[in-house]
Amino acid sequence: MASTWTLLRRAILRRTPRLCIVSRSMSTHPGRSQGNHLVYTSAVGAEPLHRYRQGGYHPVALGDQLRAGRYKVLHKLGWGGYSTVWAARDQRGARYVAVKVSVVESEHNGETRELLTMKELASRQPRLKHIVYLLDHFDLTGPNGSHKCLVYELLGPNIPDAINVYLPSGRLPGKLAKAIAKQALIGLDHLYQQSIGYGGRLLMESLRTDLI
C-alpha cells in the first residue's frame, strides 16, 4: 500500500488548483475600503490578503528559491492564521518537503514554541513512530519583515481529500480506518510520554498516519 499512498499524494497535488497570492494592497472584506486601496473579495479559500503587509505574511511565488536556493517552491499546500505552507523541492537532499512560512507579527509567539517543541522531538532517539519530523528551519527576510520558516516531511493528502477523490462510498474501508486510528493513537501516546500536549493545533499537526 505504500506505493498506493505515493500515487494518492501525487494525484492530489495535481488536482489542487495552483494559487499564489502576493498582493499587499487588497482586502478580503467586501464593501469596505482601506485608504486608497481597492477592495477585493477572494472567490476561493485563501489567507486574508490585507495581511500581506508589514508584520504579516511573506509573499511567496511558485518558483521562488528559499534558503540560498536550497528549497524551490512548487505548489501551495495551505494556509493558517499565522502561516502559509508550500510544497518545495529540496535541491540538496533530492526530496520533496513542506515549508511553513510564518507571519512576522510580534504578538504571535506560537511558531517559536512550535520550533522549540519540534526541535526537541527531532533530537529524541530512537525516532518516535507516527510523528511528523522537523527537517530544517531558517529565517527569511522579505518586504514585510523577517519570517521563521519550518521545513517538514511532505506526507501527502489528508484523509478527507483522499476519500473524496478515490472512494465514491464516502468512507474508508473498515480495516484501513482501524489502521489509521491505531497509528494516530500511537503517535498521540508518544507525544504524551514526552509531555507534549498543549494546544490541539500543534498536537494534531505533529501526528503522522499513513494509508498502509
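Is Arg67 buried, partly exposed or exposed in this predicted model? Arg67 is partly exposed, at a relative accessible area of 39%. The points below place this residue in its surroundings and then turn to other parts of the structure.

1. Overall composition. The model is predicted, and the protein in it has 5 helices and 6 strands. Read from the N terminus, the elements follow the order α-β-β-β-β-α-β-β-α-α-α. The protein has 212 residues, of which 39% count as buried. Its accessible surface amounts to about 12100 Å², and carbon and sulfur atoms account for 54% of that area. Of the contacts between residues at least 6 apart in sequence, 55% join residues at least 24 apart.

2. The sheet. The 6 strands make up an open sheet with antiparallel pairing, in the order β1-β2-β3-β4-β6-β5. The edge positions belong to β1 and β5; each has a single partner strand, so one side of each is left without a neighbour in the sheet.

3. Strand β1 covers residues 65-66, and 2 bridges join β1 to strand β2 (residues 71-80) in an antiparallel arrangement. Within this pairing, Gln65 is placed opposite Lys72 in β2.

4. Strand β5 (residues 134-142) and strand β6 (residues 145-153) run antiparallel and are joined by 8 bridges. The two strands form a hairpin, with 2 residues between them. One of the facing pairs is Leu140, which stands opposite His147 in β6.

5. Asp136 and its arginine partners. A search of the whole structure finds 8 salt bridges. One of them pairs Asp136 with Arg67, with the closest N and O atoms 2.9 Å apart. Because Asp136 lies in strand β5 and Arg67 in the loop between β1 and β2, this pair ties together parts that are 69 residues apart in sequence. Asp136 also forms a salt bridge with Arg70, where the closest N and O atoms are 3.8 Å apart. Here too the pair links distant parts of the chain, with Arg70 in the loop between β1 and β2 and Asp136 in strand β5, 66 residues apart.

6. Exposure within this group. Which side of the 20% cut-off for burial do these residues fall on? Asp136 counts as buried because its relative accessibility is 12%, under the 20% limit. Arg70, at 15%, likewise counts as buried. Arg67, at 39%, is partly exposed. Salt bridges that share partners join Arg67, Arg70, Asp90, Arg95 and Asp136 into one network.

7. The Arg127–Glu153 pair. Another salt bridge is formed by the side chains of Arg127 and Glu153, at 3.7 Å from N to O. This pair also links distant parts of the chain: Arg127 is in the loop between α2 (110-123) and β5, while Glu153 is in strand β6, and the two are 26 residues apart. Arg127 counts as partly exposed, with 46% relative accessibility, whereas Glu153 is buried at 18%.

8. The annotated lysine. In the UniProt record, an unreviewed entry, the annotation "binding site" covers Lys100. Lys100 is located in strand β4 (residues 95-102). What does the side chain of Lys100 make a polar contact with? Its partner is the side chain of Glu114, at 2.8 Å. The relative accessible area of Lys100 is 6%, so the residue is buried. The annotation itself comes from the record, while the burial and the contact are computed from the model.

9. Arg51. Arg51 is found in the loop between α1 (2-15) and β1 (65-66). Apart from neighbours within four places in sequence, Arg51 is in contact with Gly56, Tyr57, Gly81, Tyr82, Val103 and Glu105. For one of these, Val103, the separation from Arg51 is 52 residues in sequence and 9.0 Å in space, C-alpha to C-alpha.

Definitions and conventions: Residues are numbered from 1 along each chain as its sequence is written. This is a predicted model: local features need pLDDT of at least 70, side-chain atom pairs count only at pLDDT 80 or more; totals for chains, interfaces and linings use all residues. Side-chain values use heavy atoms; hydrogens and water are left out. Helices (H or I, at least four residues) and strands (E, at least two) are DSSP runs, numbered from the N terminus. Contact means heavy atoms within 4.5 Å. Two strands pair if DSSP finds at least two bridges between them. Buried means under 20% relative accessible area, exposed over 50%, partly exposed in between (1.4 Å probe, protein chains only). Accessible areas come from the Shrake-Rupley method with a 1.4 Å probe; for residues, only the protein chains shown count as cover. UniProt positions are given in the numbering used here, feature names are shortened, and annotations may be inferred rather than shown by experiment. A polar contact is a pair of N or O atoms within 3.5 Å; within protein, one must be able to donate a hydrogen and the other to accept it, and residues adjacent in sequence count only if both atoms are side-chain atoms. A salt bridge is a side-chain nitrogen of Lys or Arg within 4 Å of a carboxyl oxygen of Asp or Glu.
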